[in-house]
Amino acid sequence: MTESLTEVKPLAGNNVINQIAFVVRDIEQASEAFAKLLGIPTPKWFLTGDRDVSKVVFRGKPTDSRSKLVFLNTPTVQIELIEPDLEPGTMREFLDTVGEGIHHIAFDVDSIKERLPVFEGNGFPLLQSGEFTSSNGRYVYVDTLNSHKTLMELLESAETRDTAPNTDIFTPLLGSNKVEQLAIVVRDLDAAADAYCKLLGVEKPPVIQSGPSELTQVIFEGKPTEADSKYMFINTPLLQLELIEPGDSPSTWKNHLETYGEGVHHISFVVNDMEEKMKLLEDMGYPVIQRGNFWNGKGRYAYMDTSSTYKVIIELLERF
């Protein structure tokens with residue numbers, strides 16, 4: 001029996017976002033880069049099963065779509081890298097229309113049969129379904145793009161998926177391999193917050209206004225700016241979600257909205273030595289896009305232009 005759509009419960013039955021998935025053009029190159037970032041050995045990719053095994057259905061039609069996959073486990077979320085082939089599928093469509101980047105976030109569920117109707121009943125239709133053999137399971141992607149600015153994947157496995165952090169570890173590039181935050185730029189903070197809080201079954205946190213420029217001291221593309229914005233932090237068991245609605249003054253968030261539209265803006269890592277890590281990334285060819293102090297003065301941040309390699313901006317956070 002499916003649960004009532006009016007009950008204030010997570011749509012997936014839980015609110016554990018345990019995977020962030022990137023679509024890439026070259027999985028070997030991406031795997032090497034992410035392994036260096038996380039301080040783990042470079043994993044080998046594997047190819048998903050053929051049509052008889054994977055049973056992929058995209059937008060209601062069976063397809064021969066196959067992908068090369070890599071999974072990298074961190075102390076928080078699992079990072080999935082996907083290089084799709086040329087056959088029709090949601091990953092191929094994303095690569096052709098959006099380009100490389102974060103394609104979806106995922107939840108493990110006990111039963112797709114029970115959970116999918118809940119999503120569909122809330123206006124999120126099935127986009128793609130398929131089977132996987134690594135843990136005798138299946139998946140569905142539901143179309144949450146308009147409301148949540150990214151897709152959601154539901155994973156059902158006969159046995160627990162291996163998401164334990166890699167223990168064969170050397171020094172991560174940034175000193176930490178813990179993904180702290182996933183941030184999304186939106187046009188309407190209130191609407192996006194409503195959508196995410198309903199998805200996760202949580203109360204809506206307070207809206208935070210950007211602090212005065214004397215405190216935040218924001219520098220965007222080398223020039224001081226007020227970088228007015230409002231935002232909200234939504235905590236989940238493994239990952240903090242940040243929703244950002246930029247104001248009228250210049251900022252990386254406003255630039256992202258005007259250039260790419262709503263969607264994922266960055267992932268974050270906490271560092272202990274901001275200047276050292278900024279210089280490290282700059283020396284590697286990743287310049288600073290924007291830097292400043294927290295709205296409350298209790299830390300500082302820097303957005304680094306890492307999209308060429310990591311398909312997303314990396315934010316460095318230093319807490320005082």
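How many residues does the hairpin that joins S5 to S6 pass through? In this predicted model, the hairpin connects the two strands through four residues. Strand S5 spans residues 67-73 and strand S6 spans residues 78-84. The two run antiparallel and are joined by seven bridges. Two of the facing positions can be named. Leu69 stands opposite Ile82 in S6. Asn73 stands opposite Gln78, also in S6.

S5 has a further partner in S2. Two bridges join S2 to S5, and this pairing is again antiparallel. Phe46 has Leu69 of S5 as its bridge partner. Leu69 therefore takes part in both pairings, facing Ile82 in S6 and Phe46, in keeping with the enclosed setting of S5, where five of the seven residues are buried. With that count, S5 is largely enclosed by the rest of the structure.

These strands belong to an open sheet of ten strands. The order is S2-S5-S6-S1-S7-S10-S9-S8-S3-S4, and the pairing is mixed. Strand S2 (46-47) and strand S4 (61-62) stand at the edges. Each has a single partner strand, so one side of each is left without a neighbour in the sheet.

Strand S7 (101-108) lies between S1 and S10 in the sheet order. On one side, strand S1 (residues 19-23) pairs with S7 in the antiparallel sense over five bridges. Here Ala21 stands opposite His104 in S7. Phe107 has Leu154 in S10 as its bridge partner. Seven of the eight residues of S7 are buried, so this strand is largely enclosed by the rest of the structure.

The largest pocket has a volume of about 1000 Å³. Its lining counts 37 residues. Val98, Glu100, His256, Tyr260 and Val264 lie nearest the centre of the pocket. Two or more lining residues come from each of helix H3 (90-97), strand S7, helix H5 (145-148), helix H8 (252-259), strand S17 (263-270) and strand S18 (288-293). H3 gives the largest share, four residues. By residue class, the lining divides into 14 nonpolar, 14 polar and nine charged residues.

Aromatic contacts were examined next. A search of the whole structure finds nine aromatic pairs. In one of them, the rings of Phe119 and Phe124 have their centres 6.4 Å apart. Their planes lie at 55°, so the pair is tilted. Phe119 and Phe124 are both buried. Tyr301 and Tyr303 form another pair, with ring centres 5.2 Å apart. The planes of these two rings lie at 50°, so this pair is tilted as well. Tyr301 is buried, as is Tyr303. Phe22, Phe34, Tyr286 and Tyr310 form one aromatic cluster.

A charged side chain also meets a ring. Lys68 lies over the face of Trp45, at 4.5 Å from the ring centre.

Notes
Residues are numbered from 1 along each chain as its sequence is written. This is a predicted model: local features need pLDDT of at least 70, side-chain atom pairs count only at pLDDT 80 or more; totals for chains, interfaces and linings use all residues. Side-chain values use heavy atoms; hydrogens and water are left out. On a 1 Å grid over the protein atoms alone, a cavity is a set of points where a 1.4 Å probe fits but cannot get out, and a pocket is an open set with protein on both sides within 12 Å along at least five of seven lines; lining residues have an atom within 4 Å of a point. Grid points are joined across faces, edges and corners, and a volume is the space filled by probe spheres set on the points. Ala, Val, Leu, Ile, Met, Phe, Trp, Tyr, Cys and Pro count as nonpolar, Asp, Glu, Lys and Arg as charged, and the others, Gly among them, as polar. Two strands pair if DSSP finds at least two bridges between them. Rings of Phe, Tyr and Trp (its six-membered ring) pair if their centres lie within 6.5 Å; planes under 30 degrees apart count as stacked, over 60 as edge-to-face and the rest as tilted. Buried means under 20% relative accessible area, exposed over 50%, partly exposed in between (1.4 Å probe, protein chains only). A charge sits over a ring if NZ of Lys or CZ of Arg is within 6 Å of the ring centre and within 35 degrees of the ring normal.
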